[in-house]
Each structure stands twice: as structure tokens, then as C-alpha cells.
Amino acid sequence: MDTKELLKKVRKIEIKTRRLSDHVFGGEYHSTFKGRGMTFSEVRQYQFGDDVRNIDWNVTARYNEPFIKVFEEERELTMMLMADISGSEFFGTDSQFKNEIVTEIAATLAFSAMQNNDKIGLILFTDQIELFIPPKKGKSHVLRIIRELLEFKPQSKKTDVAMALKYLTNVMKKKAIVFVLSDFITDGYKDTLKIVSGKHDVTGIRVYDRREEEIPNLGMVQMQDKETGELLLVNTASKGVRNSYYSYHREKVAYFQEAFLKSGAGALSCRVDESYVKKLLGYFKRRG
């Protein structure tokens, strides 16, 4: 992708996702993810209905009339986006690949965080950490994150969610809002997720294609494993082969749901041909 084409793509995603975050998600994001607590703002004269526990007795004594302390929510938070960029993300049978939807969801979340003056960081992972961008504020920083999501070329094609979560705990010492975006066609991350969820506010977003759920009967078909590159000749006419694949896929989905549920983390699934807007909005409303 040349620079001109890349900038055009970034701009297209910015326009689409910025509109969503401004008009749809901004308020929902704010009410879903609360700040660290309350910080002192000012004192003002007592009004009927104010909490008497907030009376500032020093100022009250000085002016011989009641004044109260006013507190504001301490809002600044840090969002970490963790995107799986392994080989299986470059799959799609409908209008978009999974990695394109991952980029749009990540951009929408990033602009929502930016609107609330929060910091945003990015981890791109396969079975190794491909890229880490420390959390920062501002539009130019968000646009850099989108650029990396669009054009970054990973070293590996495999996936290791547990490794990525362990890395997160090493680089993020303070509590963060964490979104893990992947197809989660893997396992072995349940125990690590439980530890990470005890410290951070974690949500897993499973992005998948409907064609991954089951293999259609197409006779003998040559297939390639996107993560290993291995070419296989598969007899899709065999009911046993189709059932085995279906069971394998269902196992991975069940593992994802159970791992996130039991660890106290949030989880949602978005199919590439469905509206991720409705899914995200529904999730924020349930959480809020």
C-alpha cells in the first residue's frame, strides 16, 4: 500500500468511526467506564438538598454561613487495544476481512476514548509481540494507531493470546480498560486471563466469519492453514470431516465464552457481515 492510498484509507476509517464515536458511543463510553474516583473542585454556598457531609467547616466558620466542597469525577483513564494480527485474521468470504472489521472497531473505541480525554495504547500480537505503542492522548496518536492496524506486516502468522496478556501485565502497571480483538480460534489463555482481569477491566471482542462455523459439502478441496501455511486436501463430502470441523470450531467458541465469563471479563462476538455498531452499543448499555 503506497502512502497516498494508506492516507486515503485512514481518512475513510476516520470519517466513518469518528461519526459513530461522536454521535453514538461517546456518552455510552463515558457512563460505562467510570473514572478513578472523585477529586476536589471548588467550594460554593450550601443549597437546599446538598449533602451535609460535604460542608467545609473552615470556610463556613470564616464567612459565618454554610459552604460545601464540590467534587468532580476524576475521569482520566487509559485504554489498551490488543489486536490479533495472525494469519487467520486475513480471512473473509463476505465484503470484508476480519482484520478490516477489527480495525474499524478499534478505531471507534479509540475515538470514543479520545473524546473523553483518555489515553490510548496499542499492542499488535501474533504468537509474539509485534508492536507496542505506549498510551498517549490526541488525534494524531489515534491516527497513528489506525495506520499501524492497516499496514503493519507481522513477523509471524500464529496466535498466542496468553503470551500477549502476560506482556500487558508487564507494561501496564496501573489499571486500564483493555479490549482484546481476535477470532479466538485458540485456547490456553484461561488462567492468564483470570489474573489480568483481576487488575484490568478486560473485554474480549471475537470477530468471526460465518464460513468458519462449518465446512460446506464441496467434494475434494485444497485448503491452506493461514497460520502454518500448510496445504491440505480435504474431503468435504465426508460427513465425519464436516462434523469434526464443526465440533472443533464450537469448542473454541465455548472456550472463549467460558474463559471470559469465569474470569469476570466482558465478552461479545461480532460477525463480519453484521453491524458491530449494534453489538458494541448493546454491550455498553448492559455495562453502563
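In the predicted model, the side chains of Arg-44 and Asp-50 form a salt bridge with an N to O distance of 2.9 Å, a salt bridge being a side-chain nitrogen of Lys or Arg within 4 Å of a carboxyl oxygen of Asp or Glu. Arg-44 counts as partly exposed because its relative accessibility is 27%, whereas Asp-50, at 16%, counts as buried. Here buried means under 20% relative accessible area, exposed over 50%, and partly exposed in between (1.4 Å probe, protein chains only). Residues are numbered from 1 along each chain as its sequence is written. Because the model is predicted, local features need pLDDT of at least 70 and side-chain atom pairs count only at pLDDT 80 or more, while totals for chains, interfaces and linings use all residues; side-chain values use heavy atoms, with hydrogens and water left out.

The structure holds 14 salt bridges. In one of them, the side chains of Asp-183 and Lys-98 meet at 2.8 Å, N to O. This pair links distant parts of the chain, 85 residues apart: Asp-183 lies in the loop between β6 (177-182) and α6, and Lys-98 in helix α3 (residues 98-115). Helices (H or I, at least four residues) and strands (E, at least two) are DSSP runs, numbered from the N terminus. Asp-183 is buried, with a relative accessible area of 3%, and Lys-98 is likewise buried, at 0%.

A salt bridge also joins the side chains of Asp-273 and Arg-271 (2.7 Å, N to O). Asp-273 is partly exposed, with a relative accessible area of 35%, and Arg-271 is partly exposed at 22%.

Helix α5 (residues 161-171) packs with helix α6 (residues 190-199) at an angle of about 30°, their axes lying 9 Å apart. Axes are lines fitted to C-alpha atoms, for helices over the stretch in contact, and angles run from 0 to 180 degrees between N-to-C directions. The two helices α5 and α6 are therefore roughly parallel to each other, a description applied to angles under 35 degrees. Ala-162, Leu-165, Lys-166, Leu-168 and Thr-169 of α5 make the contact with Thr-192, Leu-193, Val-196 and Lys-199 of α6, contact meaning heavy atoms within 4.5 Å. The residues of this contact comprise five nonpolar, two polar and two charged; Ala, Val, Leu, Ile, Met, Phe, Trp, Tyr, Cys and Pro count as nonpolar, Asp, Glu, Lys and Arg as charged, and the others, Gly among them, as polar.

Conventions. Angles under 35 degrees count as roughly parallel, over 145 as roughly antiparallel, 65 to 115 as roughly perpendicular and the rest as oblique.
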